[in-house]
Amino acid sequence: MNIIVLFMVSVMAIFVWWMILQRVTAKPWLEQGVAIDPREATATGYSSYVAGKLALWVFMVVITSLFLLFVTAYHMRMHLGDWHPLPDPGALWFNTALLAAASIALQVARRGIKQRRASLVRAGYLGGGILALAFLAAQLWVWQQLGEAGYRVAGNPANSFFYLLTGLHGAHLLGGLLVWSVGAVRLLGGAPLGSLRLNVESCSVYWHYLLLLWLGLFALLLHT
Amino acid sequence: MEQVAIADEVYEHHEPKSFVTRYIWSQDHKVIAVQYGLTAIAVGLVALVLSGMMRLQLGFPHSFSFISPSAYYQFVTMHGMIMVIYLLTALLLGGFGNYLIPLMIGARDMVFPYLNMLSYWVYLLSVVVLMASFFVPGGSTGAGWTLYPPQAILPGTPGTDWGIILMLVSLGIFIVAFTMGGLNYVTTVLQARTRGMTLMRMPLTVWGIFVATILGLLAFPALFVSALMMLLDHTLGTSFFMPALLSQGEILDHEGGSPILFQHLFWFFGHPEVYIVALPAFGIVSDLISVHARKNIFGYRMMVWALLAIGVLSFVVWAHHMYVSGMHPYFGFFFAATTLLIAVPTAIKVYNWVLTLWRGDIHLTVPMLFAIGFIFTFVNGGLTGLFLGNVVVDLPLSDTYFVVGHFHMVMGVSPILVLFGAIYHWFPKITGRMLDETLGKWHFWLTFLGTYAIYLPMHYLGILGIPRRYYANLSTDFIPASAQDMNVGITIAALFVAVVQILFLVNLVRSLRRGKKADPNPWRATSLEWQTPETPPAHGNWGPQLPVVYRWAYDYSVPGASRDFIPQNEPDGDGAESREAQP
């Protein structure tokens, strides 16, 4: 449980630190008027772009908490004696490369938005999604191979955790692909680049995050 | 960067026209809040009936043929789970969070209205799945609300065929709904505050809901993890939590799993859950007390800091639920220390509520009665928490009625008193009608005194050593016969309090049609939700212009002002003496 407690405490510490930056030490009963903070003075309404990005980051913290709890459980269960690690399927290296390529492709799309080059956006965005789909297919193939080799889900806790963690990671990527498909339809329908900016940037951030998450999980699986 | 003032766009373009888009598939936070609220209250009434049946069995054992031991355990389980998750969490965050956040911070709606709508419908789905478990073969699960494995999924426990599966699935769905709602609340508080509404000018209600939402977003994944892994243990035969064991003469396929692992994960969610329920209640009660005592909240900054401190500490106390599961003595020491430490910020809050009342101009309105009732009940429940937080005292008291009395006082009755107070307080804004004052006062006194008649005696039963969760306590030597008399008394009180709630329901329905027309600001409160151009607020809340905030939410009885309150959106303070000039 150390891992998750450390994570929770650091998230809360960051939150409190950020609160302090937001002047939680202010004495509101002494302050009247609108523009007590110069940053606040110009604020009217809010930006849906910033709000969307913020929600994505908060969501990624939630997912991190979810996976760290699994890692904590993994760690505790591992030391209970009946743990027989899986062989490390070499195909996972290939899959990792696929996911990394997907991440790079979306980064290209993001750059395309910045440079206003439609061809770059189209190639990167569609490529990123298709590579992610390929990653999912390849993961399923690994599942099938392992299943045929006799590594059943219920056979050993190491197997159970392997299927569980890869499955959940895939489910989160699938959720990302749902958002991606909305953007892809709009992109192919010829929507202006500016209107796709939030979608492209969010997808690229989320893909990078899922790559990072996968690298963490992969390292855990290789290490144990 | 497109700096769209999207809030104003919404106001112009998305006014719903038909009945269906206005009241059913609505994206308006106020309608969603009412949907959440009504669903939660409905499911809460089911849980109330279940508790009545439990009490019938305990008060008059073997008198009711329909309450078999299995049925009793199913009632216990469903009562606990519904009350904690589907009523309290949903009503405080989904209901009041949805209604109050945008209105109190001066926004037109949540930042993601569509996601907000989805959140409600997914929540409703989780409720439907849970209710369905009453009707499947074998009935709902009877594993106790903590669902401890291995018994939760072994034959012999009621509802292991379908009930437990539906319970775990329903929890998963609920967590998805909560995450959608929670992302919305956090983003809205951080992004959609109107001009001049700094974080430190927000009413404490918003603070409480905000911090509780963050706790929920971080803690609910632990419940998700434990529910998912138990589901796999049950359906696919994995051994995350299931040790090798012999069940009804058969050796099961499981081996090596750890039930203690489940307990860690469950309580890693379970303890923050207490504060997910408590913090919004703390926030709401602060505002009720301040408004109805016509006095600014004592120690506003301390109140905010205490909320944050409680939030952080709530993640390092979970194992105090596991003292009897066994642990290294140093761990017990650690968790006892953190548990008692949490009493410090909590006590700060209690002192500040009392000091706000001190020399205030106290109006004993119905919301105020409930708020003061909360302070009593919460202090009572909190003090018995000090007993249970200590390892040596907890060991003999664990799994007795002392624990039942404690947690019902502190996280059952207390937040429900706040919820009643909040409904009496905000009903005029939500519906445009006042609730009946006389009925409300009867409702308060009978509920408040009645709950003491239920839960105070339970502490004595606990000290006698009467175990909780037992179907019947007959023919046990160490339990004196008089304990059964007390049980009869508790049952009568419980049924009485349950019936009294009809007063509340009648009041709600009657006032909706025939209540006194409400003034836009009947309590003369300062916070923004009372300053809307229309009551109840129209779609978009604020008319053409968003309000601008010039002051904090607690300018009551300001010396020199012509009225005893100055709304947050009032620029000049109406002749109040300039307080900046003071040292």
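Tutor: What follows concerns one threonine of chain B and the confidence of that chain.
This is a predicted model, in which local features need pLDDT of at least 70, side-chain atom pairs count only at pLDDT 80 or more, and totals for chains, interfaces and linings use all residues. Residues are numbered from 1 along each chain as its sequence is written, chains are lettered from A and ligands numbered from 1 in the order in which they are written, and side-chain values use heavy atoms, with hydrogens and water left out.

B:Thr532 is placed in the segment that comes after helix H16 (481-514) of chain B; a helix here is a DSSP run of H or I with at least four residues, numbered from the N terminus. B:Thr532 counts as buried because its relative accessibility is 5%, where buried means under 20% relative accessible area (1.4 Å probe, protein chains only).

The side chain of B:Thr532 is in polar contact with that of B:Lys429, at 3.0 Å. Such a contact is a pair of N or O atoms within 3.5 Å; within protein, one must be able to donate a hydrogen and the other to accept it, and residues adjacent in sequence count only if both atoms are side-chain atoms. A polar atom of the B:Thr532 side chain also lies 2.8 Å from the backbone oxygen of B:Glu534. Leaving aside residues up to four places away in sequence, B:Thr532 touches B:Leu103, B:Lys429, B:Pro537, B:Asn541 and B:Trp542, contact meaning heavy atoms within 4.5 Å.

Chain B has an average pLDDT of 91, and 95% of its residues score at least 70; pLDDT is the predictor's confidence in each residue, from 0 to 100. Over residues 575-583 of chain B, however, the pLDDT is below 50.

Terms used: Helices (H or I, at least four residues) and strands (E, at least two) are DSSP runs, numbered from the N terminus. Buried means under 20% relative accessible area, exposed over 50%, partly exposed in between (1.4 Å probe, protein chains only).
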